[in-house]
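Colleague: I have a model open and a few questions about how the chain is built. Can you take me through them?

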Amino acid sequence: MLDIDHLFEMVQLVLNSEIRNQTIYLVNPVCYKVPEIISAFSSLLGKKADCISVPKGDKFSFDTDLSRRVFHELNINTDSYLEEILAKYYTDGNTPYPNNS
C-alpha cells in the first residue's frame, strides 16, 4: 500500500538525484499481509470483515533499501502508515483512525 502523493514525492526526489540507468523499485518499504490490511479496514470502518482465508499466492520480492532511504528523507513515518493511508481514502478526512486518538 502506497499513497499516490507519497509516490509522486518519491519519484521527484529520485529524478533529482544522481541515480541513472538503474532499475529501481519505489514501494512502501513495509510489506503488509492481507490479514493485516483486512484488520485495519475492519477497525477503521467499525465492521467485522466477512472473508474466507485461502492459502494461495506468493509475495513479490524486491529491494526496499532505496524506498527506506527515500521514506526517511521525506520524513514519511511507517509506524501507522497503513492505518493513516486507509483513513485518508476511506473516511471523510476529519475522522482520526481509532488507534491514533
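Predicted model: local features only at pLDDT ≥ 70, side-chain atom pairs only at ≥ 80, totals over all residues.

Modeller: Residues are numbered from 1 along each chain as its sequence is written, and side-chain values use heavy atoms, with hydrogens and water left out.

Colleague: In what order do the elements of the protein run from the N terminus on?

Modeller: Helices (H or I, at least four residues) and strands (E, at least two) are DSSP runs, numbered from the N terminus. The protein has four helices and zero strands. The order from the N terminus is α-α-α-α.

Colleague: What share of the residues of the protein counts as buried?

Modeller: Buried means under 20% relative accessible area, exposed over 50%, and partly exposed in between (1.4 Å probe, protein chains only). The C-alpha trace spans about 45 × 35 × 15 Å along its principal axes. Of the 101 residues, the buried share is 26%.

Colleague: What share of the contacts with a separation of 6 or more comes from residues 24 or more positions apart?

Modeller: Contact means heavy atoms within 4.5 Å. Among contacts with a separation of 6 or more, residues 24 or more positions apart account for 81%.

Colleague: Which residues of α3 are buried, and which helices do they pack against?

Modeller: Helix α3 covers residues 65-73, and its buried residues are Leu66, Ser67, Val70 and Phe71. They sit on the same side of α3 because they cover an arc of only 130 degrees around the axis, taken from the directions from the helix axis to the C-beta atoms. The face turned away from that buried side carries the exposed Arg69, His72 and Glu73. The buried residues pack against α1 (4-15) and α4 (81-90).

Colleague: Which residues does serine 67 touch?

Modeller: Serine 67 lies in helix α3. Its relative accessible area is 0%, so serine 67 is buried. Leaving out residues up to four places away in sequence, serine 67 touches Met10, Tyr25, Leu26, Val27 and Pro29.

Colleague: Is aspartate 3 buried or exposed, and which residues does it touch?

Modeller: Aspartate 3 lies in the segment before α1. With a relative accessible area of 2%, aspartate 3 is buried. Not counting residues up to four places away in sequence, aspartate 3 touches Tyr81, Ile85, Lys88 and Tyr89.

Colleague: Where is asparagine 21, and what is its phi?

Modeller: Asparagine 21 is found in the loop between α1 and α2 (34-45). Asparagine 21 counts as exposed because its relative accessibility is 84%. It is a residue other than glycine with a positive phi, near 50 degrees.

Colleague: And what is the phi of asparagine 75?

Modeller: Asparagine 75 is in the loop between α3 and α4, just after α3. At 70% relative accessibility, asparagine 75 is exposed. Again the residue is other than glycine and the value is positive, near 55 degrees.

Colleague: How many disulfides does a search of the whole structure find?

Modeller: A disulfide is a pair of cysteine sulfur atoms within 2.5 Å. Cysteine 31 is exposed, at 52% relative accessibility. Cysteine 51, in the loop between α2 and α3, is partly exposed at 47%. For disulfides, the search of the whole structure finds zero.

Colleague: How far apart in space are lysine 56 and cysteine 31?

Modeller: Lysine 56 is in the loop between α2 and α3. Lysine 56 is exposed, with a relative accessible area of 73%. Lysine 56 and cysteine 31 are 25 residues apart in sequence, and their C-alpha to C-alpha separation is 17 Å.

Colleague: Which residues that line the largest pocket are the closest to its centre?

Modeller: On a 1 Å grid over the protein atoms alone, a pocket is an open set of points where a 1.4 Å probe fits, with protein on both sides within 12 Å along at least five of seven lines; lining residues have an atom within 4 Å of a point. The largest pocket has a volume of about 530 Å³, the space filled by probe spheres set on the points, which are joined across faces, edges and corners. Of the 18 residues that line the largest pocket, the closest to its centre are Tyr32, Lys33, Val34, Pro35 and Lys59.
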